[in-house]
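Keep it brisk, and define the terms along the way.

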Amino acid sequence: MGGVPRTDEAAAFVNVRSASRNAPAGPSPFAVEAAALPREKFVDPALTAKGEPRASVPLVRLDTLWLNTGTLCNLACATCYIESSPTNDALVYLRSHDAGRFLDEAAGMGTREIGFTGGEPFMNPDILAMLEDSLARGFEVLVLTNAMRPMRRHERALLALRERFGERLTLRVSLDHHSRPVHEAERGANSWGPAMDGLRWLSDHGFAIAVAGRLLPGEGEQEARRAYAALFAGEGIGIDAHDPARLVLFPEMDAGKDIAEITTACWDILGKSPSDIMCASSRMVVHRKGEPSPRVAACTLIPYDPGFDLGATLAEASGEVALNHPHCARFCVLGGASCSA
Ligand code: SF4
Ligand code: SF4
């Protein structure tokens, strides 16, 4: 979805990406146009580079628990924020027995929804067991998928889950743009047709569905919604493109580009509240390669940064989050996005 941090790890990833069969060859059409991020920004969790108190967000209620299923993906998108690819297993597959421990804990905290994200969740060998476990416990479930071959291998099992649990299971398909050329510039050649086929299959079979898209630099939201609406009408896909819960349009993200730091004074200036921000109501479980067991990260966007690793349990991870990352500013506070909307 977003920008690749300009780190050595990211440089290594770009090489992996170019080695991947379907990886896009050129620059991302969604690249952020801004100067490089100054080194002195986003360093101290307590203070900004100007010495002002940095904003933080307390957990109000754990409404959504995200389970990261692992970074392996059948695609290698140009600006995948989590650097997924067919070979990147920096986050290993989450196993169902580990997930169960967090589901137990979430049930005791009044959690409404379990979100599954990757990588491509349907590549995880335990995905169906984890979906069933979550649904059988009474949670709503949201799965982020590219709707391509890994998902299509599970058609029968998905139909059985839809039969048992109906609208409590939602699949949100990433369709980066309403036009094939832009979608494929980001996601790789021949990625459009299979994604559209998968989306149509879900729609035709009565699943609760949504789409996640993105805006090009300078593209207006209403203009994009009208174009998605025309696409969905033409393809017979049952999604209201003017419903922000059914077509989620994400702002740009690039951790290497300059952006303002968020201070405690910003809430009043921007007319926002810390409780509106994603980490006020969600956390994400990740299993990093080399670690003995899964851990809890502040949110879906920052899985690797030790400053956003909050602990081994949901209870340990229930404290405040200092907004000490460019994504906090560009995506959440200034862009106003939430992964679960
Ligand atoms: S499909 Fe999603 S997880 Fe996979 S590479 Fe693209 S953005 Fe990343
Ligand atoms: S990027 Fe994550 S930690 Fe930062 S404000 Fe957004 S949800 Fe919170």
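## Helix 10

Helix 10, residues 326-333, is mostly covered: eight of its eight residues are buried. Buried means that 20 or more other C-beta atoms lie within 10 Å of the residue's own; exposed means 12 or fewer, partly exposed is in between, and C-beta atoms are placed from the backbone. The buried residues are Pro326, His327, Cys328, Ala329, Arg330, Phe331, Cys332 and Val333. They pack against helix 9 (266-270). Contact here means C-beta atoms, placed from the backbone, within 7 Å. Helices (H or I, at least four residues) and strands (E, at least two) are DSSP runs, numbered from the N terminus.

## Model and numbering

This is a predicted model: local features need pLDDT of at least 70, side-chain atom pairs count only at pLDDT 80 or more, and totals for chains, interfaces and linings use all residues. Residues are numbered from 1 along each chain as its sequence is written, while chains are lettered from A and ligands numbered from 1 in the order in which they are written.

Nine strands form an open sheet with mixed pairing, in the order 7-6-5-4-3-2-8-9-10. Two strands pair if DSSP finds at least two bridges between them. Strand 7 (247-250) and strand 10 (309-311) are the edges; each has a single partner strand, so one side of each lacks a neighbour in the sheet. From one strand to the next, the twist averages 25°. Helix 7 (residues 192-204) packs on the sheet and touches strand 5 (169-174) and strand 6 (208-214). Its direction makes about 160° with that of strand 5. Axes are lines fitted to C-alpha atoms, for helices over the stretch in contact; angles run from 0 to 180 degrees between N-to-C directions.

Strand 2 (residues 64-68) runs parallel to strand 8 (residues 282-286), and four bridges join them. Leu65 has Arg283 as its bridge partner in strand 8. Strand 2 also runs parallel to strand 3, through five bridges. There, Thr64 is partnered with Glu113.

## Strand 3

Five of the five residues of strand 3 are buried, so the rest of the structure largely encloses this strand. In a regular strand the side chains alternate between the two faces of the sheet. Glu113, Gly115 and Thr117 point one way from strand 3, and Ile114 and Phe116 point the other way.

## Backbone details

The peptide bond from Gly118 to Gly119 is cis, with omega near 10°. Gly119 sits in the loop between strand 3 (113-117) and helix 3 (127-136).

Ala147 lies in the loop between strand 4 (140-145) and helix 4 (149-152). Ala147 counts as buried because it has 26 C-beta neighbours inside 10 Å. Asn190 lies in the loop between helix 6 (180-187) and helix 7. Asn190 counts as exposed, with 10 C-beta neighbours inside 10 Å.

Which residues come nearest to ligand 1? Of the 12 residues around ligand 1, they are Cys73, Leu75, Cys77, Cys80 and Ser84. A residue is near a molecule or strand if its C-beta atom, placed from the backbone, lies within 6 Å of it. The shell divides into six nonpolar, five polar and one charged residue. Ala, Val, Leu, Ile, Met, Phe, Trp, Tyr, Cys and Pro count as nonpolar; Asp, Glu, Lys and Arg as charged; the others, Gly among them, as polar.

UniProt (unreviewed entry) places the feature "domain: Radical SAM core" at residues 49-280. UniProt positions follow the numbering used here, feature names are shortened, and annotations may be inferred rather than shown by experiment. Over residues 49-280, the chain is 34% helix and 15% strand. The end C-alpha atoms are 24 Å apart.

Definitions and conventions
Two residues are in contact if their C-beta atoms, placed from the backbone, lie within 7 Å.
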